Amino acid sequence: QVALDRVTKQLALAPKSGGLQYLLGEVQLARGEQQQAETAFMKALELEPNLIGAYVQLARVYVASKRYDQALGKLNEALKVNPKNIVALMLTGAVYEQKQEMTKAREAYEKVMAVNPRFALAANNLAYLHSEHGGDKEKALELAQLAKEGLPDDPRVSDTLGWILYKR
């Protein structure tokens, strides 16, 4: 409640601040107030269309309520502002996985790898997609090993690598 009161007070002083609207949305999300957070993020984008975090958080709100197409729309808007935003690209891949559109998910993760060729989470997700959805099995192993180098203690990465090795 304290955080909400502080942000509300600051918004009264600077009602045209997209950053404060974004912060209000973050506080509302933390409080479990999805609908209010959605409104705050939308207002933030009205005021400051380049706030990539607001697009991403809106997409997360939409994913939580299984509105995948709306989530992808916001992520595409974020990527127009910054086509190399790793968070937006990763979330795009995850949304496409939820929609069972594995080719598009793979494309999103490949874009992450183009931005950062050592990004372990994208490598792990790509390894899984190659392994389980008609991709290159050798590439799957290579990506899983890359992910393991980057995140040696992550159980999800170990699981992916172990599964790929088991299937070989």
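In helix H6, the buried residues are Ala88, Leu89, Met90, Leu91, Thr92, Gly93, Val95, Tyr96 and Glu97. This is a predicted model, so take every view below as a look at a prediction.

**View 1. Helix H6 and what it packs against.** H6 covers residues 86–98, which makes 13 residues. From its first C-alpha to its last, H6 reaches 18 Å, close to the 18 Å expected at 1.5 Å a residue. Which helices do the buried residues of H6 pack against? They pack against helix H4 (52–64), helix H5 (68–81), H7 and helix H8 (120–132). Leu89, Thr92 and Gly93 are among the buried residues of H6, and the next view picks these three up again as contacts of Ala108.

**View 2. Ala108 in helix H7.** Ala108 sits in helix H7, which runs over residues 102–115. Buried or exposed, what is Ala108? Its relative accessible area is 5%, under the 20% cut-off, so Ala108 counts as buried. Set aside the neighbours within four places in sequence, and Ala108 is in contact with Leu89, Thr92 and Gly93. For a sense of scale, Asp69 is 39 residues away from Ala108 in sequence, and their C-alpha atoms are 15 Å apart in space.

**View 3. Helix H4 against helix H5.** Here the axes of H4 and H5 are 8 Å apart, and the two helices pack at an angle of about 165°. That angle is over the 145 degrees cut-off, so H4 and H5 are roughly antiparallel to each other. Their crossing is left-handed. On the H4 side, the contact is made by Ile52, Tyr55, Val56, Leu58, Ala59, Tyr62 and Val63. H5 brings Tyr68, Gln70, Ala71, Lys74, Leu75, Glu77, Ala78 and Val81.

**View 4. Helix H2 against helix H3.** Helix H2 (residues 18–30) and helix H3 (residues 34–47) have axes that come within 8 Å and cross at roughly 165°. That crossing angle makes H2 roughly antiparallel to H3. H2 passes H3 in a left-handed crossing. Look on H2 for Gly18, Gln21, Tyr22, Leu24, Gly25, Glu26, Gln28 and Leu29, which make the contact from that side. On H3, the contact is made by Gln34, Gln36, Ala37, Ala40, Phe41, Lys43, Ala44 and Leu47. The residues of this contact of H2 with H3 come out as 8 nonpolar, 6 polar and 2 charged.

**View 5. Thr8 in helix H1.** Thr8 lies in helix H1, residues 2–13. With a relative accessibility of 43%, Thr8 counts as partly exposed. Where is Gln100 relative to Thr8? Gln100 is 92 residues away in sequence, and the C-alpha atoms of the two residues are 40 Å apart.

**View 6. Zooming back out to the chain.** The protein chain has 10 helices and 0 strands, and from the N terminus on its elements run α-α-α-α-α-α-α-α-α-α. Along its principal axes, the C-alpha trace spans about 60 × 30 × 25 Å. How much of the chain is buried? Of its 168 residues, 42% count as buried. Among contacts with a separation of 6 or more, 43% are between residues 24 or more positions apart.

Key. Residues numbered from 1 in each chain as written. Predicted model: local features only at pLDDT ≥ 70, side-chain atom pairs only at ≥ 80, totals over all residues. Heavy atoms only, no water. Axes fitted to C-alpha atoms, helices over the stretch in contact; angles between N-to-C directions. Helix = DSSP H or I, 4+ residues; strand = E, 2+ residues; numbered from the N terminus. Parallel < 35°, antiparallel > 145°, perpendicular 65-115°, else oblique. Left-handed = near helix turned anticlockwise from the far one by under 90°. Contact = heavy atoms within 4.5 Å. Nonpolar A, V, L, I, M, F, W, Y, C, P; charged D, E, K, R; others polar. Buried < 20%, exposed > 50% of the residue type's maximum accessible area, 1.4 Å probe, protein only. Expected span 1.5 Å × (residues − 1).
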